[in-house]
Amino acid sequence: MSPPSAVAAMSSRQTLALAAMAAVAGLLVWPFSPVDSLVRAGCLTLLAIALWTTGWLPPWLTALAFFTLGMIGKVAPAGVVFAGFASSAVWLVFSGAVLGEAMRHTGLAQRLADRLAPALCPSYARAVAGTTLFSAAMLFVMPSAMGRAMLLLPILASLADRLGFAPGLRARHGLILGGLFGTYLPATTVLPANIPNNVLVGSMESVLGVVPSYGAYFLLHFPILGALRTVLLIGLLVLLYRDGSSRPARVAPAPREPASLPQRRLGWLLAVSVALWSSDAWHHIPAAWVGMAAALACLYPGSGLLPADAFGKLRFEAIFYVAGIVSLGAVADASGLGAALARQALDVLPLSPDAPGLAFALLAGLATVVGLGVTLPGVPPVVTPLVPDLARAVGWTPMAVAMTEVVGFSSVILPYQAPPLVVAIQSGYLPGRDVVRFCLLTSALTIFALWPLDYWWWRWLGVVG
């Protein structure tokens with residue numbers, strides 16, 4: 001049983017959350033005081049962000065409250081309020097959960113961990129570096145960050161078990177954080193490897209009539225925000241999570257036993273899926289539907305890849321959470337809240353061609369702040385329409401100004417902004433406090449150390465004056 005003080009504290013938090021929801025509900029439905037649509041959307045958005053950030057309620061319950069209050073208060077049409085369920089991110093979560101469970105059920109995750117573990121066991125630094133670099137390499141093969149996270153998490157957990165890092169140990173959390181952040185943070189610097197990147201390209205094409213090439217985008221962003229940040233990420237993890245329990249157990253190479261029939265079937269299924277994911281520019285089948293086809297093959301009766309009652313055992317909390325996050329961005333965009341906030345910021349920002357370094361920081365900061373309100377995939381639809389005005393204010397090309405959005409949404413300040421990080425928490429692989437703390441640390445490191453270096457890299461390339 002929990003101590004009485006803990007129960008009382010939890011009860012008080014839930015009471016405060018209920019009071020906040022009641023206040024917002026009253027504001028949305030009170031008939032004698034019509035409220036501006038931007039204020040209504042702002043109150044609902046602020047409530048959801050506050051509850052997700054504080055953790056006073058389970059995240060899936062906050063998502064359900066967001067859907068309910070959004071419809072009761074007529075904040076946006078149903079198609080907007082529930083836009084998250086039509087998003088590919090939600091179905092990537094579902095298919096990833098199915099594939100992850102299949103990897104556990106067949107033992108394929110453990111088999112892969114057995115193959116990787118001997119190369120990582122000499123030291124904790126080598127274990128963290130190996131898992132982080134392996135996960136980072138996946139972004140060049142598999143375009144969806146959500147799909148990569150769902151595929152990698154069971155492998156990372158099995159690898160931690162194989163190295164002797166039991167659940168609850170700090171060293172285990174550091175290892176899994178390395179894999180998770182290693183496959184997400186550098187992905188913002190490789191054009192097709194993350195949802196915000198692809199949304200930015202679509203927004204630029206519709207607003208500016210021009211899009212960056214893969215090579216130009218890679219050269220501009222990857223050296224500092226991709227490669228250098230990955231190195232710093234490894235050092236930060238080793239520094240923070242190495243303790244007396246962090247020395248990996250000596251792991252002998254696993255005996256070369258033949259793979260079982262279900263493992264071979266699942267291996268071929270994953271190989272085909274990865275091949276289709278990596279060639280989506282050719283066949284134009286989105287990653288979500290490739291994943292759903294693979295999930296259907298796993299769930300099909302008689303496949304041997306999952307138990308007969310697998311569907312009933314899947315956890316759907318993460319699906320509602322991700323749907324809520326995506327819907328929040330849709331509501332903020334459709335209501336005009338995001339654009340209104342951005343234009344207000346534009347009116348007060350001291351942008352000038354005479355201070356290019358300050359302009360770089362302010363433009364990247366604008367995208368970062370917008371990302372707190374509409375989540376990271378929502379940054380390009382809000383900021384890109386402002387690019388022509390911003391370009392005139394700072395005297396840069398529209399392409400250069402648009403690229404500062406990447407600098408902004410590469411800084412993940414809180415987990416709710418990035419669904420792959422949310423899924424790791426909701427699936428039980430990592431404690432929420434560790435992910436929140438590491439988001440704050442990496443975003444501070446990025447803003448205060450890497451943004452200045454990135455600016456000078458841009459100047460050396462001749463992108464800005």
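This briefing describes selected features of one protein structure, grouped by topic. The model is predicted, so local features need pLDDT of at least 70 and side-chain atom pairs count only at pLDDT 80 or more, while totals for chains, interfaces and linings use all residues. Residues are numbered from 1 along each chain as its sequence is written, and side-chain values use heavy atoms, with hydrogens and water left out. The topics include 3 salt bridges, 14 aromatic pairs and a nonpolar surface patch of about 300 Å².

**Nonpolar patch**

- Trp60, Leu61, Leu64 and Phe320 make the nonpolar surface patch of about 300 Å².
- Patches are made of residues with over 30% relative accessible area and no salt bridge, where like charges are joined within 9 Å and nonpolar side chains (Val, Leu, Ile, Met, Phe, Trp, Tyr) within 5 Å.
- Accessible areas come from the Shrake-Rupley method with a 1.4 Å probe, and for residues only the protein chains shown count as cover.
- Helix 3 (residues 59-72) gives the largest share of the nonpolar patch, 3 residues.
- Helices (H or I, at least four residues) and strands (E, at least two) are DSSP runs, numbered from the N terminus.
- Leucine 61 is placed in helix 3 and counts as partly exposed because its relative accessibility is 32%.
- Buried means under 20% relative accessible area, exposed means over 50%, and partly exposed is in between (1.4 Å probe, protein chains only).

**Aromatic rings**

- The structure holds 14 aromatic pairs.
- One of the pairs joins phenylalanine 82 and phenylalanine 85, which are tilted, at 6.5 Å centre to centre with 35° between the planes.
- Rings of Phe, Tyr and Trp (its six-membered ring) pair if their centres lie within 6.5 Å; planes under 30 degrees apart count as stacked, over 60 as edge-to-face and the rest as tilted.
- Phenylalanine 82 is partly exposed, with a relative accessible area of 34%, and phenylalanine 85 is partly exposed at 28%.
- Phenylalanine 218 and phenylalanine 222 form a stacked pair, at 4.5 Å centre to centre with 15° between the planes.
- Both phenylalanine 218 and phenylalanine 222 lie in helix 11 (residues 214-241), 4 residues apart, about one turn of the helix.
- Phenylalanine 218 is partly exposed at a relative accessible area of 26%, whereas phenylalanine 222 counts as buried at 19% relative accessibility.
- One aromatic cluster is formed by Phe66, Phe67, Phe82, Phe85 and Phe320.
- Tyrosine 241 has arginine 170 over its face, at 4.9 Å from the ring centre.
- A charge sits over a ring if NZ of Lys or CZ of Arg is within 6 Å of the ring centre and within 35 degrees of the ring normal.

**Salt bridges**

- Side chains of opposite charge can pair when their charged atoms come close.
- A salt bridge is a side-chain nitrogen of Lys or Arg within 4 Å of a carboxyl oxygen of Asp or Glu, and the count comes to 3 salt bridges.
- Aspartate 161 forms a salt bridge with arginine 172, with the closest N and O atoms 2.6 Å apart.
- This pair links distant parts of the chain, with aspartate 161 in helix 8 and arginine 172 in helix 9 (residues 170-184), 11 residues apart.
- Aspartate 161 is partly exposed at 42% relative accessibility, whereas arginine 172 is buried, with a relative accessible area of 9%.
- Aspartate 389 and arginine 392 meet in a salt bridge through their side chains (2.4 Å, N to O).
- Aspartate 389 and arginine 392 are 3 residues apart in helix 20 (residues 387-394), so about one helical turn separates them.
- Aspartate 389 is partly exposed at a relative accessible area of 33%, and arginine 392 is exposed at 59%.
- The side chains of arginine 433 and aspartate 434 also form a salt bridge (3.9 Å, N to O).
- Arginine 433 is exposed at a relative accessible area of 63%, whereas aspartate 434 is buried at 8%.

**Buried positions**

- Arginine 148 is found in helix 8 (residues 145-162) and counts as buried at 0% relative accessibility.
- A polar atom of the arginine 148 side chain lies 2.7 Å from the backbone oxygen of threonine 183.
- Leucine 270, in helix 12 (residues 261-278), is buried, with a relative accessible area of 10%.
- Leucine 270 and leucine 99 are 171 residues apart in sequence and 8.6 Å apart in space, C-alpha to C-alpha.
- Helix 22 (residues 419-426) is mostly covered, with 7 of its 8 residues buried.

Technical notes. A polar contact is a pair of N or O atoms within 3.5 Å; within protein, one must be able to donate a hydrogen and the other to accept it, and residues adjacent in sequence count only if both atoms are side-chain atoms.
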